[in-house]
Amino acid sequence: MQFLFPYFLIASLTIAIPIVIHLFYFRRFKQVYFTNVRFLKEVKEESSARSKLRNLLVLLARCLAILALVFAFAQPFLPQQSTVKQGEKAVSIYIDNSFSMSSLSEDAPIVEKAKQRAREIVNAYAADDRFQIITSEMEGRQLHLVSKEDALGLIEEIKIAPTSTKLSEIFNKQKQVLQTAGTEHKIIYEISDFQKKNTDLSAIKDTVLDIKLVPLSSVEEKNITIDSAWFLNPVQLLQQPNSLLVKVTNYTNEKAEGIRITLQHDGQSKPVGSLDIPANSTIVDTVNITVLKPSWQEAKLSITDYPVQFDDHYFLSFNVSSELNLLVINDLSTNRYLDAAFKGASFFKVTNEFAKNINYSKLPNYKLVILNDLKNISSGLSAELRQYALNGGNILVFPAADADLSSYKLFLNSLNCNELSNYEAANREVSSINLDAALFNDVFETKKTNLKLPSTQGNYKILGGRGEEKLMTYRDGNTFITQVRQDKGNLYVCAAPLEESKNSLVKNGEIFVPMLFKMAITNNVKQHLAYIIGKDDIIEENLELKEGESAEKNYIIKGEKGEFIPQQKMLGSKMIIGINQQIKEAGFYKLQSKQDTVLSKYAFNFDRNESQLDFLSTKDLKSYERPNLQVLDATASANFTGIVTENDKGITLWKWCIALALIFLAIEALLIRFWKG
């Protein structure tokens with residue numbers, strides 16, 4: 001047994017007071033006169049013995065009562081640990097307020113039970129202790145220590161938030177704050193449902209700080225979610241079905257039948273499919289979206305699933321232009337077949353320019369740049385095309401029969417493409433087309449299509465050795481058309497000129513036309529159809545500025561429930577936008593100028609990291625226990641303040657001392673009242 005305030009034991013010397021009183025008070029005798037001396041002697045001896053015994057018992061009761069009171073003030077306890085920390089403490093309490101904490105525990109969300117546990121922990125400590133209250137959001141005001149009263153106020157303000165954070169990240173923030181405390185004793189509490197995806201206890205290596213895990217469990221719930229959605233092609237076209245792939249996951253142990261998907265687009269909401277999803281499985285379904293008008297589009301996919309609903313909707317936004325701009329760079333004359341290939345599709349706009357008159361500033365506006373039989377590629381054009389491809393542009397090269405190979409070598413090498421050997425004026429036939437390549441895999445109905453392949457009357461040999469993908473090859477195995485992926489764009493190189501007399505490709509419409517179409521709409525740029533709240537805090541926006549227009553403007557992001565000014569940084573024609581966790585609700589948001597000119601639209605969704613309701617059990621958590629890491633498990637109705645107090649200070653005995661003092665005082669009163677000496 002130990003004492004929290006051992007100096008109070010000095011007060012035990014006060015037991016001398018009743019002893020002194022006993023010695024002086026109980027020596028006074030009352031004289032009683034009797035006529036018979038013999039009887040007087042017998043009565044005197046008997047009364048003296050009984051009175052002496054009663055007085056000793058009264059003295060003992062008083063002394064024990066005083067000692068019990070002294071012990072109560074000294075606060076004895078039985079320590080649970082080898083050492084008990086005394087003095088001021090710094091306590092950090094993490095309250096998980098992610099979406100999984102909205103699950104029900106009996107009749108209330110477990111986040112409310114977490115707040116109750118946090119209040120009980122705070123109340124278990126002294127008024128002069130300091131506290132940090134931190135949630136999954138890790139807001140700035142949560143990164144410092146506050147008083148006990150302020151801590152209780154912060155706990156009351158906690159609500160469910162869309163942020164999903166690893167436990168190790170939370171712990172690192174707690175550790176940083178506790179290091180600023182001017183006290184030796186630092187304690188960390190983690191109150192959570194300990195979802196497996198976020199509970200990376202193995203990453204917490206600290207062996208000094210006291211860590212207490214407080215697990216909370218909910219009623220077992222099942223969940224089906226729309227994980228994500230993406231278009232099959234990177235460019236969406238007008239008046240045509242655009243295939244949207246939707247990924248739906250069943251996180252239950254039972255087969256989910258008849259899960260209906262609803263699409264809300266262009267002011268209409270309609271069912272687009274019904275799925276049967278096996279237990280613990282994922283299905284990708286296809287939804288077709290037809291865009292009737294060019295503009296920014298907003299689409300919302302939904303399923304019906306109870307009781308977890310935060311992941312039942314998926315918002316996405318995309319821009320459909322009225323036309324796709326293509327640039328053909330010619331040497332001496334245009335190619336009528338190129339113009340004819342795109343005339344049947346009104347959404348393609350072809351611009352012909354000559355190599356000497358190119359406006360390089362407009363290159364980013366084109367989806368595809370075709371080099372039509374250029375004899376020479378200047379260093380300036382080479383540098384601009386390289387940057388264009390790295391930023392997501394596509395380039396198709398048809399070299400002239402009398403091309404300057406040194407200029408082509410510099411250009412192709414800058415894009416990690418193989419060089420061209422000397423031109424050979426020989427007849428060759430193309431023998432195969434790579435239908436597994438992304439460019440052709442969805443062009444033809446079957447891979448056994450009997451296609452008429454082109455032939456050439458002269459060609460260069462594309463030297464091998466680099467990581468290209470052959471799209472079409474000659475009978476001798478040499479490459480006819482190759483593809484080299486760039487950072488975001490693609491480079492396509494044909495071994496033969498486009499001139500009709502040297503290449504029959506222009507006459508093979510069933511190959512030439514779809515090939516050009518796919519080259520125009522395919523790139524390696526990740527489509528940002530949707531962003532994730534809490535994760536995607538940086539957005540890159542390409543500004544299509546008019547001539548003479550300045551990029552230096554103040555833009556705002558506006559949603560249904562308000563607007564804010566994001567952080568803005570200009571890098572040429574690109575603007576870096578910082579969200580800084582100012583978006584809290586899933587939905588659509590507009591980037592616009594103060595004059596209400598909409599520049600772009602964004603769709604934000606809640607993080608699906610909380611969708612899989614899979615948690616660590618108390619047994620799992622106890623497997624991580626070590627001298628400084630402990631699991632505090634208790635029933636929902638337990639007095640957690642007492643549990644924390646006993647765990648932190650040991651089993652306190654002062655209440656028992658008070659009870660004993662009262663008992664001894666009662667014994668004293670009974671002896672005096674009913675034992676007449």
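Modeller: Residues are numbered from 1 along each chain as its sequence is written, and side-chain values use heavy atoms, without hydrogens and water. In this predicted model, local features need pLDDT of at least 70, side-chain atom pairs count only at pLDDT 80 or more, and totals for chains, interfaces and linings use all residues.

Colleague: Why is L662 called exposed?

Modeller: Exposed means over 50% relative accessible area, buried under 20%, partly exposed in between (1.4 Å probe, protein chains only). L662 has 55%, so L662 is exposed. L662 sits in helix α12.

Colleague: Why is K115 called buried?

Modeller: K115 has a relative accessible area of 6%, under 20%, so K115 is buried.

Colleague: What makes E112 and K115 a salt bridge?

Modeller: The term needs a side-chain nitrogen of Lys or Arg within 4 Å of a carboxyl oxygen of Asp or Glu. The closest N and O atoms of E112 and K115 are 3.7 Å apart, so the pair counts. Both residues lie in helix α3, three residues apart.

Colleague: What makes E429 and R475 a salt bridge?

Modeller: Their closest N and O atoms are 3.3 Å apart, within 4 Å, so this pair counts too. The pair links distant parts of the chain, 46 residues apart.

Colleague: Why is E429 called partly exposed?

Modeller: E429 has 44% relative accessibility, between 20% and 50%, so E429 is partly exposed. R475 has 63%, over 50%, so R475 is exposed.

Colleague: How many salt bridges does the structure hold?

Modeller: The structure holds 18.

Conventions:
Helix = DSSP H or I, 4+ residues; strand = E, 2+ residues; numbered from the N terminus.
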